[in-house]
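Subject: Structure handover

Hello,

Here is the structure I said I would pass on.

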Amino acid sequence: MSAESILIVGSMAFDDLQFPRPTPDPAKPTKLGTSFRDVIGGSATYAAMTAAALAPVRAIAVVGDDFPESVLEQMRARGVDTDGVQRAEGKTFRWSGRYHPDLVGRDTLDTQLNVFADFRPDLPQSYRQTPLVLLGNIHPALQIQVLDAMDSPRFVMADTMNFWIEGERDTLDRLLGRLDALVINDEEARLLSGEHNIAAAAKQLLKSGLDHLVIKRGEHGALYFGKEGIFACPALPLADVADPTGAGDCFAGGLMGYLATQAHIDDGAMRRGIVHGTAAASFCVQAVGTGGVRQLDEPSLSSRVAEVYALCRIEPEALAERCAS
Ligand code: AMP
């Protein structure tokens with residue numbers, strides 16, 4: 001089956017990023033580090049650039065008059081339809097974050113909604129029948145508005161983050177019941193479910209009617225909870241992590257891109273899709289901003305997918321011998 005189209009809504013952003021210089025002893029970080037301002041980011045940017053390696057993508061977002069047209073051109077060159085990206089008067093969404101010395105934990109220093117504060121998604125007619133929808137991390141009210149404007153998509157997956165779980169809980173609850181799949185990180189799963197244990201959190205979240213729940217665990221990989229059981233996928237161990245920003249969005253983009261090639265989205269497709277998402281996220285973290293994801297195309301993604309499969313392979317004979325001894 002050739003790939004079906006995916007509609008992706010989310011943020012397009014300028015990110016200000018701070019990285020403390022890593023030290024061998026994480027308990028003693030040096031204050032000196034590297035900072036980057038005005039890095040192109042946003043959940044829609046990362047997810048759309050990634051998914052477009054596998055399937056046609058239609059993007060919905062808003063940017064301000066300060067956002068470079070060249071980025072939209074780069075997205076179009078990758079096969080992203082940007083007709084649904086509005087340009088509004090004012091400043092583009094801005095997020096700033098500071099990473100911990102382990103380059104895993106991070107603190108949000110500031111979130112400025114700017115043009116997203118008054119954004120009303122206006123779906124081009126041609127977008128309404130898109131079969132797959134990725135509601136990337138953005139205000140849940142906007143995620144609902146996009147879903148309302150769609151003409152019965154066959155698969156809807158959403159992402160969110162603590163900013164919205166803490167600030168827009170009721171709206172988020174209204175969205176959850178309308179999803180096929182939710183993809184969030186472990187901290188968000190705990191916050192959303194009120195359960196500290198991840199398996200208990202998953203059990204709680206699946207009660208909202210989801211068929212598929214994916215919990216991202218950064219360098220520890222991802223856990224999948226579905227109707228037919230649990231699947232664990234490791235992350236590729238990389239020695240050259242530069243910037244984890246957007247890894248979660250690239251993961252969702254890679255997963256969704258793979259699902260768009262599948263006639264049936266069942267447990268097996270989700271497992272294979274998670275391997276694709278994991279491989280996609282590994283490109284993202286290797287450069288600052290979208291530098292890594294811009295290196296990703298279908299052949300390079302396929303070879304990383306093979307690396308992830310190789311990570312999990314166990315020779316049945318060897319396993320049988322060990323169990324017997
Ligand atoms: P990730 O590292 O996958 O969680 O994604 C980071 C990206 O999400 C950054 O490029 C930010 O611009 C964007 N982002 C951060 N906070 C928010 C938010 N509250 N809503 C939407 N996008 C956000």
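Does Phe119 count as buried or exposed? At 3% relative accessibility, Phe119 is buried, where buried means under 20% relative accessible area, exposed over 50%, and partly exposed in between (1.4 Å probe, protein chains only).

Before the rest, some notes on reading it. This is a predicted model, in which local features need pLDDT of at least 70 and side-chain atom pairs count only at pLDDT 80 or more, while totals for chains, interfaces and linings use all residues. Residues are numbered from 1 along each chain as its sequence is written, and side-chain values use heavy atoms, with hydrogens and water left out.

Now the aromatic rings. Rings of Phe, Tyr and Trp (its six-membered ring) pair if their centres lie within 6.5 Å; planes under 30 degrees apart count as stacked, over 60 as edge-to-face and the rest as tilted. By this rule there are six aromatic pairs.

One of them is stacked: Phe19 and Tyr99, at 5.2 Å centre to centre with 10° between the planes. This pair links distant parts of the chain, 80 residues apart: Phe19 is in strand β2 (residues 13–20) and Tyr99 in strand β6 (residues 93–99). Strands here are DSSP runs (E, at least two residues), numbered from the N terminus. Phe19 is buried at 8% relative accessibility, and Tyr99 is buried at 1%.

Phe116 and Phe119 form an edge-to-face pair, because their ring centres are 5.5 Å apart and their planes are at 85°. Phe116 is buried, with a relative accessible area of 5%.

Ring pairs also join Phe19, Phe36 and Tyr99 into a cluster.

Regards

Key:
Helices (H or I, at least four residues) and strands (E, at least two) are DSSP runs, numbered from the N terminus.
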